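Dear colleague,

Please find below the structure that I am handing over to you. My notes on its aromatic residues and on the confidence of the model follow.

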Amino acid sequence: MALPILRGCSRLPSAVSFTRLYLSESILLNGSARTPLPPRTAAVRPYSSDRGGQKQNPSVVFVGVPNPFIWFRTRIYYFLIRAYFDKEFSIEEFTKGAKQAFSHVSRLLSLCQFEALEGLVAKDLIGKLEEKCKLLPSTYKKALSADPDEIMHMSAGDVGIYYDDNGRKFVSILMQFWYLTSAHLPEDGVKAAHVFHMTNGEGEAETKSLLTANYEFQREFTKGVPPDWTITRIEHSKFLD
(Lines give C-alpha, C1' and ligand atoms only; values in the text may rest on other atoms or scores of the structure.)
Protein backbone atom coordinates (compact mmCIF):
# COMPACT_ATOMS: atom_id res chain seq x y z
CA MET A 1 0.00 0.00 0.00
CA ALA A 2 2.98 2.35 -0.22
CA LEU A 3 2.28 5.49 -2.19
CA PRO A 4 5.59 6.75 -3.62
CA ILE A 5 3.63 8.12 -6.58
CA LEU A 6 -0.10 8.72 -6.73
CA ARG A 7 -1.81 8.21 -10.05
CA GLY A 8 -5.28 8.60 -11.43
CA CYS A 9 -7.89 11.18 -10.59
CA SER A 10 -10.91 9.63 -8.93
CA ARG A 11 -13.39 12.35 -8.06
CA LEU A 12 -16.10 12.22 -5.44
CA PRO A 13 -19.54 12.24 -7.08
CA SER A 14 -21.98 14.98 -6.10
CA ALA A 15 -24.63 12.59 -4.75
CA VAL A 16 -23.27 10.11 -2.25
CA SER A 17 -24.21 8.57 1.04
CA PHE A 18 -21.36 8.35 3.47
CA THR A 19 -20.14 7.63 6.95
CA ARG A 20 -17.39 9.82 8.38
CA LEU A 21 -15.30 9.43 11.46
CA TYR A 22 -13.20 12.15 13.04
CA LEU A 23 -10.15 11.07 14.97
CA SER A 24 -8.88 13.41 17.64
CA GLU A 25 -6.10 13.05 20.13
CA SER A 26 -4.36 15.08 22.79
CA ILE A 27 -0.66 15.74 22.58
CA LEU A 28 1.50 16.26 25.67
CA LEU A 29 4.52 18.45 25.03
CA ASN A 30 8.05 18.37 26.33
CA GLY A 31 10.24 21.30 25.37
CA SER A 32 10.05 25.05 24.92
CA ALA A 33 9.32 27.62 22.23
CA ARG A 34 9.07 31.37 21.94
CA THR A 35 5.29 31.21 21.92
CA PRO A 36 2.98 28.87 23.83
CA LEU A 37 2.17 25.72 21.90
CA PRO A 38 -1.49 24.72 21.59
CA PRO A 39 -2.61 21.08 21.48
CA ARG A 40 -1.68 18.97 18.43
CA THR A 41 1.77 20.44 17.94
CA ALA A 42 5.33 19.47 18.71
CA ALA A 43 8.30 20.19 20.88
CA VAL A 44 11.66 20.47 19.13
CA ARG A 45 14.91 19.73 20.89
CA PRO A 46 18.05 21.70 19.95
CA TYR A 47 20.69 20.34 17.62
CA SER A 48 23.42 18.39 19.32
CA SER A 49 26.67 16.68 18.36
CA ASP A 50 27.47 13.03 18.83
CA ARG A 51 30.82 11.70 19.93
CA GLY A 52 32.15 11.82 16.41
CA GLY A 53 31.39 15.49 16.10
CA GLN A 54 28.64 14.95 13.57
CA LYS A 55 25.54 17.08 13.77
CA GLN A 56 22.36 15.25 14.61
CA ASN A 57 18.93 16.18 13.34
CA PRO A 58 16.49 17.81 15.77
CA SER A 59 14.20 15.34 17.50
CA VAL A 60 10.56 15.71 18.37
CA VAL A 61 8.81 14.30 21.41
CA PHE A 62 5.17 13.42 20.84
CA VAL A 63 3.24 11.70 23.59
CA GLY A 64 -0.19 10.84 22.25
CA VAL A 65 -3.16 10.42 24.59
CA PRO A 66 -5.95 9.31 22.23
CA ASN A 67 -9.55 8.98 23.26
CA PRO A 68 -9.97 5.19 23.80
CA PHE A 69 -13.46 5.14 22.29
CA ILE A 70 -12.36 7.03 19.16
CA TRP A 71 -9.24 4.86 18.89
CA PHE A 72 -11.46 1.75 18.95
CA ARG A 73 -13.88 3.15 16.34
CA THR A 74 -10.96 4.04 14.08
CA ARG A 75 -9.71 0.47 14.18
CA ILE A 76 -13.19 -0.67 13.21
CA TYR A 77 -13.03 1.55 10.13
CA TYR A 78 -9.66 0.10 9.16
CA PHE A 79 -11.12 -3.37 9.63
CA LEU A 80 -14.08 -2.50 7.37
CA ILE A 81 -11.70 -1.24 4.68
CA ARG A 82 -9.77 -4.52 4.80
CA ALA A 83 -12.93 -6.64 4.94
CA TYR A 84 -14.94 -4.96 2.17
CA PHE A 85 -12.50 -2.96 0.03
CA ASP A 86 -8.88 -4.11 0.21
CA LYS A 87 -7.82 -7.13 2.27
CA GLU A 88 -4.19 -6.01 2.07
CA PHE A 89 -4.86 -2.49 3.40
CA SER A 90 -2.47 -1.41 6.15
CA ILE A 91 -2.67 2.01 7.79
CA GLU A 92 1.05 1.79 8.55
CA GLU A 93 1.94 1.24 4.89
CA PHE A 94 -0.56 3.87 3.81
CA THR A 95 1.01 6.40 6.18
CA LYS A 96 4.49 5.73 4.79
CA GLY A 97 3.24 6.28 1.24
CA ALA A 98 1.26 9.37 2.24
CA LYS A 99 4.43 10.88 3.72
CA GLN A 100 6.30 10.40 0.44
CA ALA A 101 3.41 11.82 -1.56
CA PHE A 102 3.10 14.82 0.77
CA SER A 103 6.80 15.66 0.46
CA HIS A 104 6.74 15.27 -3.34
CA VAL A 105 3.55 17.27 -3.94
CA SER A 106 4.52 20.04 -1.49
CA ARG A 107 7.83 20.48 -3.34
CA LEU A 108 6.01 20.77 -6.68
CA LEU A 109 3.71 23.40 -5.17
CA SER A 110 6.69 25.32 -3.83
CA LEU A 111 8.22 25.35 -7.33
CA CYS A 112 4.85 26.21 -8.92
CA GLN A 113 5.12 23.15 -11.18
CA PHE A 114 1.38 22.69 -11.49
CA GLU A 115 1.44 20.57 -14.64
CA ALA A 116 3.43 17.96 -12.74
CA LEU A 117 0.55 17.65 -10.26
CA GLU A 118 -1.72 16.07 -12.86
CA GLY A 119 -2.49 12.50 -11.91
CA LEU A 120 -1.48 13.19 -8.32
CA VAL A 121 -4.00 15.88 -7.36
CA ALA A 122 -7.65 16.19 -8.39
CA LYS A 123 -7.96 18.29 -11.56
CA ASP A 124 -10.39 20.81 -10.11
CA LEU A 125 -8.09 21.34 -7.12
CA ILE A 126 -5.00 22.05 -9.23
CA GLY A 127 -6.55 25.19 -10.72
CA LYS A 128 -7.48 26.51 -7.29
CA LEU A 129 -3.99 25.86 -5.96
CA GLU A 130 -2.43 27.67 -8.90
CA GLU A 131 -4.55 30.76 -8.24
CA LYS A 132 -3.61 30.80 -4.56
CA CYS A 133 0.09 30.15 -5.10
CA LYS A 134 0.40 33.05 -7.53
CA LEU A 135 -0.59 35.41 -4.71
CA LEU A 136 1.98 34.09 -2.23
CA PRO A 137 5.32 35.84 -1.60
CA SER A 138 8.46 33.84 -2.34
CA THR A 139 9.09 33.08 1.35
CA TYR A 140 5.65 31.50 1.70
CA LYS A 141 6.18 29.44 -1.45
CA LYS A 142 9.45 28.14 0.01
CA ALA A 143 7.63 27.22 3.21
CA LEU A 144 5.26 24.96 1.28
CA SER A 145 8.01 22.44 0.62
CA ALA A 146 8.38 19.72 3.26
CA ASP A 147 11.65 17.80 3.19
CA PRO A 148 11.16 14.17 4.32
CA ASP A 149 13.75 14.63 7.08
CA GLU A 150 11.90 17.71 8.37
CA ILE A 151 8.53 15.99 8.77
CA MET A 152 8.29 15.72 12.53
CA HIS A 153 4.98 13.93 12.99
CA MET A 154 1.94 12.72 11.06
CA SER A 155 -1.38 11.17 11.94
CA ALA A 156 -4.67 10.19 10.35
CA GLY A 157 -7.59 12.55 10.92
CA ASP A 158 -10.90 12.08 9.11
CA VAL A 159 -11.70 8.64 7.73
CA GLY A 160 -14.61 8.43 5.30
CA ILE A 161 -16.40 5.54 3.51
CA TYR A 162 -18.72 6.59 0.68
CA TYR A 163 -21.29 4.94 -1.60
CA ASP A 164 -23.18 6.60 -4.44
CA ASP A 165 -26.50 5.70 -6.07
CA ASN A 166 -24.70 3.71 -8.77
CA GLY A 167 -22.92 1.44 -6.31
CA ARG A 168 -19.53 3.11 -6.62
CA LYS A 169 -17.40 2.85 -3.48
CA PHE A 170 -14.94 5.41 -2.13
CA VAL A 171 -12.58 5.74 0.82
CA SER A 172 -10.94 8.98 1.94
CA ILE A 173 -8.29 9.48 4.61
CA LEU A 174 -7.23 12.92 5.84
CA MET A 175 -3.57 12.97 6.87
CA GLN A 176 -2.18 15.68 9.14
CA PHE A 177 1.51 16.60 8.99
CA TRP A 178 3.81 18.70 11.17
CA TYR A 179 7.06 19.80 9.53
CA LEU A 180 9.92 22.26 10.02
CA THR A 181 10.97 24.93 7.55
CA SER A 182 13.92 27.33 7.48
CA ALA A 183 11.95 29.85 5.38
CA HIS A 184 12.00 33.27 7.01
CA LEU A 185 8.37 33.84 7.91
CA PRO A 186 7.01 36.84 9.81
CA GLU A 187 6.14 35.65 13.28
CA ASP A 188 2.75 37.34 13.16
CA GLY A 189 2.10 36.62 9.49
CA VAL A 190 1.27 32.92 9.53
CA LYS A 191 -1.21 31.52 11.97
CA ALA A 192 -0.36 28.20 13.60
CA ALA A 193 3.36 28.70 12.88
CA HIS A 194 5.62 28.31 15.91
CA VAL A 195 9.17 29.65 15.90
CA PHE A 196 12.03 27.72 17.45
CA HIS A 197 15.54 29.01 18.09
CA MET A 198 17.83 26.00 18.01
CA THR A 199 21.57 25.72 18.59
CA ASN A 200 23.74 23.31 16.66
CA GLY A 201 26.88 21.58 17.90
CA GLU A 202 29.05 24.59 17.10
CA GLY A 203 26.88 26.92 19.17
CA GLU A 204 25.40 28.60 16.10
CA ALA A 205 21.75 29.64 16.36
CA GLU A 206 19.26 28.57 13.73
CA THR A 207 15.65 29.63 13.45
CA LYS A 208 13.00 27.26 12.16
CA SER A 209 9.24 27.39 12.04
CA LEU A 210 6.93 24.48 12.72
CA LEU A 211 4.07 24.37 10.21
CA THR A 212 1.09 22.09 9.73
CA ALA A 213 -0.53 20.71 6.59
CA ASN A 214 -3.64 18.66 5.85
CA TYR A 215 -3.77 16.40 2.79
CA GLU A 216 -6.84 14.32 2.01
CA PHE A 217 -6.31 11.13 -0.03
CA GLN A 218 -9.21 9.52 -1.86
CA ARG A 219 -9.51 6.24 -3.73
CA GLU A 220 -12.38 4.63 -5.60
CA PHE A 221 -12.75 0.93 -4.77
CA THR A 222 -15.30 0.08 -7.48
CA LYS A 223 -14.43 -3.11 -9.33
CA GLY A 224 -12.40 -2.47 -12.46
CA VAL A 225 -11.19 0.99 -11.37
CA PRO A 226 -7.38 1.46 -11.10
CA PRO A 227 -6.18 1.28 -7.48
CA ASP A 228 -4.95 4.87 -7.35
CA TRP A 229 -5.09 7.34 -4.49
CA THR A 230 -5.71 10.98 -5.40
CA ILE A 231 -5.19 14.07 -3.26
CA THR A 232 -8.50 15.93 -3.09
CA ARG A 233 -7.76 18.51 -0.38
CA ILE A 234 -4.65 20.52 0.52
CA GLU A 235 -4.19 22.99 3.38
CA HIS A 236 -0.92 24.55 4.53
CA SER A 237 -0.76 26.49 7.80
CA LYS A 238 -3.64 28.83 6.89
CA PHE A 239 -1.82 30.46 3.94
CA LEU A 240 -2.90 27.78 1.48
CA ASP A 241 -6.33 26.49 2.40
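One aromatic cluster is formed by Tyr-78, Phe-85, Phe-89, Phe-94, Tyr-163, Phe-217, Phe-221 and Trp-229. The model is a predicted one, in which local features need pLDDT of at least 70, side-chain atom pairs count only at pLDDT 80 or more, and totals for chains, interfaces and linings use all residues. Residues are numbered from 1 along each chain as its sequence is written, and side-chain values use heavy atoms, with hydrogens and water left out.

The structure holds 11 aromatic pairs (rings of Phe, Tyr and Trp, the last by its six-membered ring, with centres within 6.5 Å; planes under 30 degrees apart are stacked, over 60 edge-to-face, the rest tilted). Phe-85 and Tyr-163 make a tilted pair, because their ring centres are 6.3 Å apart and their planes lie at 45°. This pair links distant parts of the chain, 78 residues apart: Phe-85 is in the loop between helix H1 (68-84) and helix H2 (91-110), and Tyr-163 is in strand E6 (residues 151-164). Helices (H or I, at least four residues) and strands (E, at least two) are DSSP runs, numbered from the N terminus.

Phe-85 is buried at 15% relative accessibility, whereas Tyr-163, at 37%, is partly exposed (buried is under 20% relative accessible area, exposed over 50%, partly exposed in between; 1.4 Å probe, protein chains only).

The mean pLDDT of the chain, the predictor's confidence in each residue from 0 to 100, is 75.

Yours sincerely
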